[in-house]
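Hi everyone, thanks for coming. I'd like to walk you through one protein today, going from the overall layout down to single residues.

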Amino acid sequence: FDHHKSSFTMPYRVPYRRATQQFRMWMPNMPLMLVSARSATPTHGAWAIFRTWPRATKHEIKEYLTKIYNLPVKKVNTMNYE
């Protein structure tokens, strides 16, 4: 009868798990109405004025125009009207 414990241990093996990729898509739920627009000229870039909810942030507006309409957005200015 051997009372010695073996110093050899099996290496820890991580159970195989399938990598599950989760794709999250942001679908906007805010109205964005075009009020006015100007085409680009050789000296000035194009600009547009939209009307949306007062709680819409600059980042949300930029993401909306970039992701949904594939428009290059350089800058977003906001103004609240009451």
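This is a predicted model: local features need pLDDT of at least 70, side-chain atom pairs count only at pLDDT 80 or more; totals for chains, interfaces and linings use all residues.

Residues are numbered from 1 along each chain as its sequence is written, and side-chain values use heavy atoms, with hydrogens and water left out.

So, what pattern does the protein follow along the sequence? Reading along, you get β-β-α, that is, 1 helix and 2 strands. Helices (H or I, at least four residues) and strands (E, at least two) are DSSP runs, numbered from the N terminus.

Now the surface. The protein exposes about 8,800 Å², and carbon and sulfur atoms supply 56% of that area. Accessible areas come from the Shrake-Rupley method with a 1.4 Å probe, and for residues only the protein chains shown count as cover. Of the 82 residues, 10% are buried. Here buried means under 20% relative accessible area, exposed over 50%, and partly exposed in between (1.4 Å probe, protein chains only).

As for contacts, meaning heavy atoms within 4.5 Å, look at those with a separation of 6 or more: 25% of them join residues 24 or more positions apart.

Let's zoom in on the strands. Ser36 sits in strand β1, residues 33-38, and is partly exposed at 28% relative accessible area. Which residues does Ser36 touch, leaving aside those up to four places away in sequence? They are Trp47, Ala48 and Ile49. Ser36 and Arg51 are 15 residues apart in sequence, and their C-alpha atoms are 9.6 Å apart in space.

Ile49 belongs to strand β2, residues 47-51, and is partly exposed too, with a relative accessible area of 40%. Together with Val35 and Trp47, Ile49 forms a nonpolar patch on the surface, with about 270 Å² of accessible area between them. Patches are made of residues with over 30% relative accessible area and no salt bridge; like charges are joined within 9 Å, and nonpolar side chains (Val, Leu, Ile, Met, Phe, Trp, Tyr) within 5 Å.

On to the helix. A salt bridge is a side-chain nitrogen of Lys or Arg within 4 Å of a carboxyl oxygen of Asp or Glu, and by this rule the count is 1. The partners are the side chains of Glu63 and Lys67, at 3.5 Å, N to O. They are 4 residues apart in helix α1 (residues 58-68), so about one helical turn separates them. Glu63 is partly exposed at 24%, whereas Lys67 is exposed at 59%.

In the segment after α1 we find Asn70. Its phi is near 55°, a positive value in a residue other than glycine. Most residues other than glycine have a negative phi. Asn70 counts as exposed, at 66% relative accessibility.

Last stop, the largest pocket. Its lining has 28 residues, and Ala48, Ile49, Phe50, Val76 and Asn77 lie nearest its centre. The elements giving two or more residues to that lining are β1, β2 and α1, and β2 supplies the largest share, 5 residues. On a 1 Å grid over the protein atoms alone, a pocket is an open set of points where a 1.4 Å probe fits, with protein on both sides within 12 Å along at least five of seven lines; lining residues have an atom within 4 Å of a point.
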